[in-house]
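Biologist: I have not looked at this one before. Can you put it up and take me through it?

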Amino acid sequence: MSHYAFSFKGETLHALPSGALFWPAQNLLCVSDLHFGKAQRFALQGGGALPPYEVHDTLMRLDHDITTQAATTVVCLGDSFDRLGASVDLEPAARDWIIRLQAGRKWIWIEGNHDPGPVDLGGTHLAEYSCDNLVFRHIALGEAAQSGEISGHYHPKMTLNLKGRSLTRKCFAIDQGRLIMPAFGTYTGGLSVRSEPLTTLLSNHAIAVLTGDSALPVPINAG
């Protein structure tokens, strides 16, 4: 599967087809909005039953990216769990899987708006994380020129019209100083990159990098 490598604030980053971001110079893998436990919350709120495989599927893809990239630092960029207390409800096998992934690695849980990070699991819990020229936080700050910011929260997606049919994919949204991550979780919807507030947060020269079989860069404002 093809990555999309690009320069961001003097650093070379790789947008992976899965929706993860890899920073080779730091051996750092970043994922956003895992939303573990969404299927359970949906059922508890009377929304009907979703197939109960989202935690396993998300962990399988995360495990693959960590292993393939040989990441030594993992940043989970907020809303790792879909609600307060959801980490307590994890099945033992899923909890053990996360603990195995954390072993021997620096693991950072960034606080999200759905949860503060799973305080009953290992790792470091931070409101935001700065490294060299980049800062990782859950929700983008409002300043248009926020430099070197990597955030999540909005679950960006983009629809392309291709020969009479439409194709919608989760995507990275990237401009000169800001990068907004796609949601990595299996049961996560999205917000069009051509909708507010993303159109206000991003410059006119922003691109979307679509996830899927390969990471495909597309100008957001083209056409």
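Biologist: Are Arg137 and Glu149 buried or exposed?
Modeller: Both Arg137 and Glu149 are buried. Bear in mind that this is a predicted model.

Biologist: What joins the side chains of Arg137 and Glu149?
Modeller: A salt bridge, at 2.6 Å from N to O. The pair links distant parts of the chain, with Arg137 in strand β9 (residues 134-137) and Glu149 in strand β10 (residues 149-151), 12 residues apart.

Biologist: And with which residue does Glu149 form a salt bridge at 2.8 Å?
Modeller: With Arg178; the 2.8 Å is between the closest N and O atoms. That pair also links distant parts of the chain: Arg178 sits in strand β13 (residues 178-180), 29 residues from Glu149 in β10. Glu149 and Arg178 are both buried.

Biologist: Which residues end up in one network?
Modeller: Glu128, Arg137, Glu149 and Arg178, joined by salt bridges that share partners. Glu128 comes in through a salt bridge with Arg137, with the closest N and O atoms 3.1 Å apart.

Biologist: Different spot. What is the nearest side chain of opposite charge to Glu11?
Modeller: Lys9, and it is 11 Å away. Glu11 is buried yet has no salt bridge.

Biologist: What does the side chain of Glu11 have a polar contact with, then?
Modeller: The side chain of Asn133, at 3.4 Å. Leaving aside neighbours within four places in sequence, Glu11 is in contact with Phe6, Trp23, Asp132, Asn133 and Leu134.

Biologist: Which strand is Glu11 in?
Modeller: Strand β2, residues 11-15.

Biologist: What is the strand order in the open sheet of seven strands?
Modeller: β1-β2-β3-β4-β5-β6-β7, with mixed pairing. The edge strands, each pairing on one side only, are β1 (4-8) and β7 (124-126). On average, neighbouring strands of this sheet are turned by 25° against each other, direction ignored.

Biologist: Do β6 and β7 run parallel or antiparallel?
Modeller: Parallel; three bridges join β6 (residues 106-110) to β7. Ile108 has Thr124 in β7 as its bridge partner.

Biologist: Last one: which strands does helix α2 lie across?
Modeller: Helix α2 (residues 54-69) lies across β3 (21-23), β4 (28-31), β5 (73-76) and β6. The helix runs at about 160° to β4.

Note on methods
Residues numbered from 1 in each chain as written. Predicted model: local features only at pLDDT ≥ 70, side-chain atom pairs only at ≥ 80, totals over all residues. Heavy atoms only, no water. Helix = DSSP H or I, 4+ residues; strand = E, 2+ residues; numbered from the N terminus. Buried < 20%, exposed > 50% of the residue type's maximum accessible area, 1.4 Å probe, protein only. Lys, Arg positive; Asp, Glu negative; His and termini not counted. Salt bridge = Lys/Arg side-chain N within 4 Å of Asp/Glu carboxyl O. Polar contact = N/O pair within 3.5 Å; in protein donor to acceptor, adjacent residues only side chain to side chain. Contact = heavy atoms within 4.5 Å. Pairing = 2+ DSSP bridges. Axes fitted to C-alpha atoms, helices over the stretch in contact; angles between N-to-C directions.
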